[in-house]
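Open the model in your viewer and keep the selection panel at hand. The tour moves from stop to stop.

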Amino acid sequence: MYDIGSLFLFRGLTDDERTQVLSRLSEVGEFEKGDVIYDSSHFRRAIGVFLCGRGAAGDRNATKASFSEGDVFGAAALYAAGENYVSRITARSACRVLFIPEDTLTAVMADFPVCGINYVTFLSERIRYLNKKIAQYTESSASMRLYRLLCDRADAGGKVENANISSLAALLGMGRTSAYRALAELTENGSIQRDNKTITILR
């Protein structure tokens, strides 16, 4: 079970302040595998934090993001005039999710300004991540687009385990043939190394 006290929102708070904030958080949802947690017509104005279990954003053709203990979603549902949510998030296993409603978050940030700074920092990190994604989609070279995506998904050792070429191609909006051609080009120029379903970034 994720220790909610370690959430990014609480960085810099004293133990007493953290306890005060935690006392305001009580909305926990329980979901079974396959349940829809958020989609365009099924969401609340709240950020969600996975306390246990796993979830994913995307559709049947491609997974755009995966969630596990401690991961946060729903920021796009807050502080906006629109009535729709942009992603579909489903439970990949039985899971529990803590929801922090917009009005609760607003009150917490007003009472504890450092929480507001933490939230802005969180959003800034999301923007930088999205900028990297935009660069992947706008890169003219298919091989470079794929290379950027692989770098983004690689672990600390530069490895992408269980690489699914069809999923990678779908994420980049290219056909499988183009994706395999791009992989071959990256392998030939020494940018990556392939070993069955493991891809290693070499440079």
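Select threonine 104 and its surroundings. Leaving out residues up to four places away in sequence, threonine 104 touches Arg24 and Leu25; contact means heavy atoms within 4.5 Å. This is a predicted model, where local features need pLDDT of at least 70, side-chain atom pairs count only at pLDDT 80 or more, and totals for chains, interfaces and linings use all residues. Residues are numbered from 1 along each chain as its sequence is written, and side-chain values use heavy atoms, with hydrogens and water left out.

Threonine 104 sits in helix α2, residues 102-111. Helices (H or I, at least four residues) and strands (E, at least two) are DSSP runs, numbered from the N terminus. Threonine 104 counts as buried because its relative accessibility is 18%. The cut-offs: buried is under 20% relative accessible area, exposed over 50%, partly exposed in between, with a 1.4 Å probe and protein chains only.

Next, show the sheet. What is the strand order in the open sheet of 4 strands? The order is β1-β8-β3-β6, with antiparallel pairing. Two strands pair if DSSP finds at least two bridges between them. At the edges lie β1 (27-31) and β6 (72-73), each pairing on one side only. Helix α2 packs on this sheet and touches β3 (46-52) and β8; its direction makes about 60 degrees with that of β8. Axes are lines fitted to C-alpha atoms, for helices over the stretch in contact, and angles run from 0 to 180 degrees between N-to-C directions.

Zoom in on β1 and β8 (residues 95-101). They pair in the antiparallel sense over 5 bridges. Valine 28 has leucine 98 in β8 as its bridge partner.

Now colour the aromatic rings. The structure holds 9 aromatic pairs. Rings of Phe, Tyr and Trp (its six-membered ring) pair if their centres lie within 6.5 Å; planes under 30 degrees apart count as stacked, over 60 as edge-to-face and the rest as tilted. Tyrosine 38 and phenylalanine 99 are stacked, because their ring centres are 6.0 Å apart and their planes at 15 degrees. Tyrosine 38 is in strand β2 (residues 36-38) and phenylalanine 99 in strand β8, 61 residues apart. Tyrosine 38 is buried at 1% relative accessibility.

Last, select arginine 44. Its charged end sits over the ring of phenylalanine 99, 3.9 Å from the centre. The criterion is NZ of Lys or CZ of Arg within 6 Å of the ring centre and within 35 degrees of the ring normal.
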